[in-house]
Amino acid sequence: MNTSSQALADDQGISEFHTISHGLYIGGQWRQSADGRGIRVIDPSTEAIIAAVPDATLEDAAAAVDAAAKAAHGWRTMSPRRRSEILRRCFELMTERSEALATLIALENGKALRDARGEIAYAAEFFRWNAEAAVRITGEFGTAPSGTNRIVVDYEPIGICVLITPWNFPAAMATRKIAPALAAGCTVILKPASETPLTAYALAALYQDAGVPPGVVNVLTTTSPGPVTAAMLADPRVRKLSFTGSTGVGRALLAEAAKHVVSCSMELGGNAPFIVFDDADLEAALDGAMVAKMRNAGEACTAANRLYVQSGIYEAFCDGLEKRMSSLMVGAGTDPDTECGPMITRKAVEKIDRLVTDAVARGARIMCGGSVLSGGGFFYPPTVLRDVPGDARMAHEEIFGPVAPISSFETEVEVIARANDTEYGLAAYIYTRDLARGMRVAARIESGMIALNRGLMSDPAAPFGGVKQSGLGREGGQHGISEFMEAKYIAVTI
Ligand code: NAD
C-alpha cells in the first residue's frame, strides 16, 4: 500500500485496508487519479468496506494510452522467445501466489474459496498456453492463381488494445485477454469492474514482478466507464476493444467503436440450456448440473439457466437436484467450508428474487430455497424450481444466481426448439448416452459452445465465445491470439 492510498482510505473513513498495491497502474507506476477521488470496495459477504481504489478521469485514461503507445514498439519488436519467457513467468508467479490471489477474489467478489482457487488455476493457464503459442505464430505463403506473384501473409500485432472485464471472474476474464494480446505483441489498457478491482491490481503487481516492461499492461479503475472508454476509443492509436460483460453494454460499446472503426471482440451474456435425455446417466447429469449451475454460485455467463429434462427421468432428476442443492453450505466467500457464497450486490439479489417471484406466479413450484436470506451480506439460497413455464421471465433473462429452473420435455425436436428460443447463444449442455443423438442435437443448437456429457467447457486451449446476442469473436486457443493480430498481405513479383 502506498501512502496516498492510505490517505485516500482514511479520508473515506475506511478502517480496514488491505496491504496490496492499488493505485492506477500506468506506465509501470502506481498513482492516484488526477482528481484524487476514490472508489470503495465492498465485501459482499459482510457489506463491509474493505478498500478504496482510485477513480480514473479522462486525463488518467489519456496517460494510460500514452504509456501503452510509448511501450508499443519495444514490445512488438522484442523476440517472441523473450516475450514467451515473460508470459511463462506470469504463469509461474500466479501459481506461486495462488492462495493469496484466491483469498482476495473470495473477499472482494464473495465467491467460495474453492471456486476462487479454481479460477486462479484457470486464469494462470492462459499465460502458460499463450507463452507456448507466442513462439508459434506463423504466416502463409502461396502463389497467385495468375502465376505472376507470390502471396505472402504475415500476422502483425493489431496495436493498442482497450480491455474491459466484468466482476464475476476478476482474474480469468483479465488474463484471457491480456495473455493472448501480449503473446501477439500488443500493449494494453485494462479497465476491470469497479466491484472487483483489487484482483486486477494484485495481478498488475505480478506482471511487474514477472518482467512485463512498464506501459505494456496498464490498469485503471473508474466509475465513469462510458466517457473514459469513449475517450480512449477516440484516440487513433487505439486499434482494438475487447469487452466481456452484459449484452446491453456490449451493444453500446460496438456503437462507440464503430465511430472510429475500431476492431471489436465481444464476450456477452448467456442463457444456457441444460438438456437431459431419458437415456442419460442420471448421477453424471446431476453432478454436471451442479457444476454448470453452481460454479460461482450461478454468477457465470455459461451457467445453466434453463434445465430441460425428458419426462421419463424428470421426477428422479428433480428429486436428485433438490437433494444436492439443499445440502450446499451457504456462507462467506473466504470460509473454506462455503459452497455457495453471496451475490455481488444487493441489486443482484433483488433481481433474482423478482425472477423467482415471477416464475412462481406463473405456476413454477419451489422445491428448495426461493426467498432472500435475512442478515448481513448479499445472500440468496440455492433454489430449485420445477415445472417452470416457458413464459417465465427467467427462461429468457440471465438469472446470474443459484436458482435452477427445471421443466420437462417429450421429444428431441421440441427441446431443440425450446433451447433455441432465446436471443442468446453462448453455451449449452447435453446429457445422453447416445453419441449420435448428442452430436445431432449439438449441431442444431444455436450456441458457440456445447458441453456433451460434461458440466464444464471452459478451456484456455479452446475457442470460447458465443453467437447471436452472446458476442463476436473467440477467446482461448489460437483463435484468442488471432483476435489481437491483423493479416498483412505482401504481393511479391516473381
Ligand atoms: P456489465 O456489462 O455491467 O459490466 C462489464 C464491464 O463493463 C465492467 O467493467 C463495467 O464497469 C464496464 N462498463 C459498464 N458500462 C460501461 C460503458 N458504458 N462503457 C464501458 N464500459 C462499461 O457486466 P457485469 O455485470 O460486470 O458482468 C455480468 C455480465 O457479463 C453478464 O451478462 C455475463 O453473462 C457477462 N459475462 C460474459 C462472459 C463471456 O465470456 N461471454 C464472461 C463473463 C461474464
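**View 1. Where domain 1 meets domain 2.** Here 27 residues of domain 1 are in contact with 31 residues of domain 2, contact being heavy atoms within 4.5 Å. This is a predicted model, with residues numbered from 1 along each chain as its sequence is written. Local features need pLDDT of at least 70 and side-chain atom pairs pLDDT 80 or more, while totals for chains, interfaces and linings use all residues; side-chain values use heavy atoms, leaving out hydrogens and water. Domain 1 runs over 3-268 + 470-490 and domain 2 over 272-459, with bounds from an automatic or database domain assignment. Their centres, taken over C-alpha atoms, sit 31 Å apart.

**View 2. A salt bridge across the boundary.** E339 and R114 pair up through their side chains at 3.8 Å, N to O. Three salt bridges are counted between the two domains (a Lys or Arg side-chain nitrogen within 4 Å of an Asp or Glu carboxyl oxygen). On the side of domain 1 that touches domain 2, α4 (98-109), α5 (113-134) and α9 (247-258) supply at least two residues each, and α4 gives the most, with five. Helices here are DSSP runs (H or I, at least four residues), numbered from the N terminus.

**View 3. Cysteines without partners.** The disulfide count is zero, the cut-off being two cysteine sulfur atoms within 2.5 Å. C90 is buried at 0% relative accessibility, and C368 is buried at 8% (buried is under 20% relative accessible area, 1.4 Å probe, protein chains only).

Technical notes:
Buried means under 20% relative accessible area, exposed over 50%, partly exposed in between (1.4 Å probe, protein chains only).
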